[in-house]
Amino acid sequence: MATTTESKSREEAPARVIQFSRIDAGAFPFLLIFPAVLVILLVIAFPLLYSLYVSFTPYELLRPNSLNFTWGRALRNYQKLLNDAIFWRSLGNTVIFLAVSVNLSYLISLALSQLMARVTMGQSLLRTLLMAPMMFAPILVGMQFRWFFNANVGLVNNVLLALGLIQEQGQIAWLVDVPLGMITIIIASIWMNIPVLTIILLAGTLSLPRETFEAAEVDGASGWQKFRFITFPLLAPFSYIALTIMSLDIARAFDIVRIMTDGGPARRTEMLWTYITRLAIEDTKFGLGSAMSWITVLLSVLFTLYFFRQLVKARIVQ
Amino acid sequence: MITRSVGPNRRRNEIIWNVVAWAVLLILALPAFWIIMTAFRPNIEINTFPPVWIPRQLTLEAYANMFGLNPDVQQRVAVEAYLRNSLLASCLSTVIAVSLGTLAGYAFARFRFRFHTSLFLGIMLSRAVPGVALSLPLFLLFNRAGLVNNVLGLAFVYIAVNIPFTAWLMDGFFRQIPKELTESAYIDGCGYWSAFWRIELPLSLPGLATAAIFAFLAAWNEFQIVSVLARNNAAKTFPPGLFAFTEQFTVDWRGMAAMSVIMMVPAVIFVILVQRNLVSGLTFGAVKG
């Protein structure tokens, strides 16, 4: 951020920059930021540090005396997790889920944005249709897909039956069978991610300079070449902004998993988020749950940091 | 971007693109139509086999059941409590989060100061903390402070959760206002605060509306934190209410669809209102550093 602002202002108006930083000696902006930072420190930073402390204790809610820290047992919870097969399984599931869901959401949205950029009839109505999934809370998305993929009364099986693709006895247990449970959750999360990604990529596509494309056409570039060598590289900042925004909300997928399968059956779709709930809220093992929370915090923060850095880089290149 | 192949192919291609785009988006929006339709259908049509695809009659029965107007239904969901708590927590947190987030966003957009980048990044990263991870220590701390099952406590959490994204959006909106305006205000003797309050803030009202809507919907839709901090109907909002629905009864899909439609109302209104600002607010950071 600062690098870009600095280089930009240096080129454009050095005098103004001096004026901004000279008067008031920078105290005013800190006053503006202070209340926001205070609330974040109180409600997010402090509780997270507290949770780090709890993660070094064997704390269980029903045994209040267990909230005591001893150096010898500080890393006990983390050791337990490293030796816990279900933890590794939920970590694996989470990584697979994120990798597939984020990549497919991006690719589908990219394709959709290119498609929508060519529409000449009813653009604005089409955009309203695109925003339909935005009206759904994540918990609603999960509820809806749980119903659609229900083996007996679900819309998907009913459609397949009506088309004669499956028999009445051979209804597909979407939420139960092994790869299918994960696939249905991924479908639900992609459906939820598409609108914001597509809106941003579409806005980016429509803002690209037309002359570049005309020049490429004169040189005889094919549609694919134009996309591959002009549209896609120029869209980079938009792509990273979309991915950064998505990465901030990535843990919303918890709501979907919780209501669709709740990690089951037999932990087939268990993810870090659902496993934390099971350990801490259901089994009241707050120490162990806090240790795992910290792993998800680091994962989410690294994820966001990565896209944010890419975003800054992409803007400097421009 | 736009195909410009010369000759008769061009018209044909254009038709194909339009048809494909419309087909894809209708499929994308189909689940939304289906949920809304289900809320207004008689139960018998929903649960029959083979399924009835196009509704033959519409009814408000699901809502009569929900609001206790049907004497045959004894056990029902506490929809009034959910509505009250959802509105209270969302409105309260939106007003405060947008105020504080706007001030912070303005500082990031207009001033250079030490730790500019690290403060901005720190605020943004606080938003990346998963609700599940945050809910555990908050539960322990709120339990001591007597704030569990308290809507005001919940609203306080949502303020913190909503500040970062508001600051990000407002930073973008403020940077779209030409600097020259502020500078001439300084020359005319305006202080920093009155330049912000009298000139830049009024100009950023559309952005403010967009930020407010994002904050409202984030609080309105939040599930992870409220499901831990609200154990009874004194603080439960719609999302945990909907979740309780799946556990309480033999799953009443129509009842859930009916509640979903109520939950969607603010989102529908807001999406229609801010469609245009949404795009410029989200993408601004991409073009200017």
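These legends describe close-up views of a predicted model. Local features need pLDDT of at least 70, side-chain atom pairs count only at pLDDT 80 or more, and totals for chains, interfaces and linings use all residues. Residues are numbered from 1 along each chain as its sequence is written, while chains are lettered from A and ligands numbered from 1 in the order in which they are written.

View 1. The predictor's confidence in each residue is its pLDDT, from 0 to 100. Chain B has an average pLDDT of 85. At least 70 is reached by 89% of its residues. Within chain B, α4(B) has the highest confidence, with a mean of 94. The lowest is in α2(B), at 75. For the complex, ipTM is 0.87 and pTM is 0.87. Helices here are DSSP runs (H or I, at least four residues), numbered from the N terminus.

**View 2. T94(B) in helix α4 of chain B.** This helix spans residues 79–110. T94(B) is buried because 25 C-beta neighbours lie inside 10 Å. The classes are buried (20 or more other C-beta atoms within 10 Å), exposed (12 or fewer) and partly exposed (in between), with C-beta atoms placed from the backbone. Leaving aside neighbours within four places in sequence, T94(B) contacts A212(B), A215(B), F216(B) and A219(B). Contact means that two C-beta atoms, placed from the backbone, lie within 7 Å. V20(B) is 74 residues from T94(B) along the chain, and their C-alpha atoms are 39 Å apart.

**View 3. The two domains of chain B.** Domain 1 covers 8–66 and domain 2 covers 79–287. Such bounds come from an automatic or database domain assignment. The C-alpha centres of the two domains are separated by 32 Å. Eleven residues of domain 1 touch nine residues of domain 2. On the domain 1 side, α1 (8–39), α2 (43–47) and α3 (61–66) of chain B each give two or more residues. That side has seven nonpolar, three polar and one charged residues. Ala, Val, Leu, Ile, Met, Phe, Trp, Tyr, Cys and Pro count as nonpolar, Asp, Glu, Lys and Arg as charged, and the others, Gly among them, as polar.

**View 4. Chain A meets chain B.** The contact takes 94 residues from chain A and 87 from chain B. The chain B side divides into 64 nonpolar, 16 polar and seven charged residues.

**View 5. Helix α3 of chain A crosses helix α6 of chain B.** Their axes come within 8 Å and cross at roughly 90 degrees. The two helices are therefore roughly perpendicular, a label for angles of 65 to 115 degrees. Each axis is a line fitted to C-alpha atoms over the stretch in contact, and angles run from 0 to 180 degrees between N-to-C directions. Residues of α3(A) at this crossing include I44(A), P47(A) and L48(A). Those of α6(B) include L134(B), L136(B) and P137(B). The contact has eleven nonpolar, one polar and no charged residues.

**View 6. Helix α13 of chain A.** Eight of the eight residues in this helix (253–260) are buried, so it is largely enclosed by the rest of the structure. Among them are F254(A), D255(A) and R258(A). Just after the helix, D262(A) has a positive phi of about 50 degrees.

**View 7. Two loop residues of chain B.** F115(B) sits in the loop between α4 and α5 (116–127). Its phi is positive, near 65 degrees, although the residue is not glycine. F115(B) is partly exposed because 13 other C-beta atoms lie within 10 Å. N149(B) lies in the loop between α6 and α7 (151–175). N149(B), not a glycine, has a positive phi of about 65 degrees. With 16 other C-beta atoms within 10 Å, N149(B) is partly exposed.

Note on methods. Angles under 35 degrees count as roughly parallel, over 145 as roughly antiparallel, 65 to 115 as roughly perpendicular and the rest as oblique.
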